[in-house]
Amino acid sequence: MDFLVHEEAQGYIRALLPKRESIFYEMEKEAKDKIIPIVEPEIGHLLYWLAFTKGSQKVLEIGTAIGYSTLWLAKAVLPRGGRITTMEINEPRADAARKFFKKAGVEQQIELVFGDARELLYTQNGTYDFIFLDAAKGKYIEFLDKCIELLEPGGLLVAEDVFMRGMVISGEIDKRRNKTAVSRLKAYLKLVMEHNLLETVVLPVGDGVAISTKKYKELKK
Ligand SMILES: C[S@@+](CC[C@H](N)C(=O)[O-])C[C@H]1O[C@@H](n2cnc3c(N)ncnc32)[C@H](O)[C@@H]1O
């Protein structure tokens, strides 16, 4: 599929999405006005669908921004009595997310932890059945071992923006500082595809999504 067809398919899929609650449109506008990167609505819908289909109950999100993807996950997880923990390093964004969670009436079921996920991940006691990785792209590989440890067998690890605006595929890097992030993303994709604890698919939706499932330990005969 060439890039143009991909763009057209994306627009077509977006137009097919059912009407979402007004808070999603409000957040999309705020993100656009303030130039805050959030997932596209079709990726939000994919996250919702994955969590809904898997019956996910314990969700960890790394990279909240203003809480847009969190609310897509919440649509699937909270009505089943599940919980979401989400981590954000940027204080104004964390404050904005809190405001939206309150507005959506879900602030009691979502734990927003302000700080650096590289440290916060080591303070987590429990396990998760769904981890959404959407922080700095160059750091995914750093997060991987801990995410696998925190993930229950059968659980999903979803990493967003793995093509980094197409740079991972084309090799055309727009800024010198993105060179390291691109090579680390490539290493992340190779690792999750070959990892003996994971089964992974990479999908060309949005800016690329890698979906990994943690394997169950093989049963001894
Ligand atoms: C792409 S945005 C997240 C978008 C959000 N998931 C959504 O779709 O609505 C990435 C966020 O990760 C945050 N971030 C980057 N590095 C982080 C870290 N080490 N710990 C916690 N948050 C981090 C950034 O501040 C930014 O708000």
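Leaving out residues up to four places away in sequence, Leu71 touches Ile23, Phe24, Met27, Phe100, Phe101, Ala104, Val106 and Ile110, where contact means heavy atoms within 4.5 Å. The model is a predicted one, in which local features need pLDDT of at least 70 and side-chain atom pairs count only at pLDDT 80 or more, while totals for chains, interfaces and linings use all residues. Residues are numbered from 1 along each chain as its sequence is written, and side-chain values use heavy atoms, with hydrogens and water left out.

Leu71 also belongs to the largest nonpolar core, which has 37 residues and in which Leu71, Leu73, Ile84, Ile110, Phe130 and Val158 have the most contacts. Such a core is a set of buried Ala, Val, Leu, Ile, Met, Phe, Trp, Tyr and Cys residues joined through side-chain atoms within 4.5 Å; buried means under 20% relative accessible area, exposed over 50%, and partly exposed in between, with a 1.4 Å probe and protein chains only. At least two residues of this core come from each of helix 2 (22–33), helix 3 (41–54), helix 4 (68–77), helix 5 (91–103), strand 3 (110–114), strand 4 (128–133), strand 5 (151–160) and strand 7 (209–214), the elements being DSSP runs numbered from the N terminus (helices H or I, at least four residues; strands E, at least two). Helix 4 gives the most to the core, with seven residues. Another core, of 32 residues, lies apart from this one, and includes Ile62, Ile131, Tyr140 and Leu150.

Helix 4 is mostly covered, with nine of its ten residues buried; these are Tyr68, Ser69, Thr70, Leu71, Trp72, Leu73, Ala74, Ala76 and Val77. Helix 3 packs against helix 4 at an angle of about 30°, with the axes 8 Å apart; axes are lines fitted to C-alpha atoms, for helices over the stretch in contact, and angles run from 0 to 180 degrees between N-to-C directions. That angle makes helix 3 roughly parallel to helix 4, since angles under 35 degrees count as roughly parallel, over 145 as roughly antiparallel, 65 to 115 as roughly perpendicular and the rest as oblique. The contact is made by Pro41, Gly44, His45, Leu47, Tyr48, Ala51 and Phe52 of helix 3 and by Tyr68, Ser69, Trp72, Leu73, Lys75, Ala76 and Val77 of helix 4.

A second pair is formed by helix 2 and helix 5, whose axes come within 11 Å and cross at roughly 165°, which makes helix 2 roughly antiparallel to helix 5. Here Ile23, Glu26, Met27 and Glu30 of helix 2 meet Ala96, Lys99, Phe100 and Lys103 of helix 5.

Helix 5 also holds Ala97, which counts as buried because its relative accessibility is 0%. Leaving aside neighbours within four places in sequence, Ala97 is in contact with Thr64, Ala65, Ile66, Gly67 and Leu112. Ala65 is touched as well by Pro37, which also touches Arg93, again not counting residues up to four places away in sequence. Pro37 is found in the loop between helix 2 and helix 3 and, at 58% relative accessibility, counts as exposed. Although Pro37 and Ala65 are 28 residues apart along the chain, their C-alpha atoms are separated by 7.6 Å.
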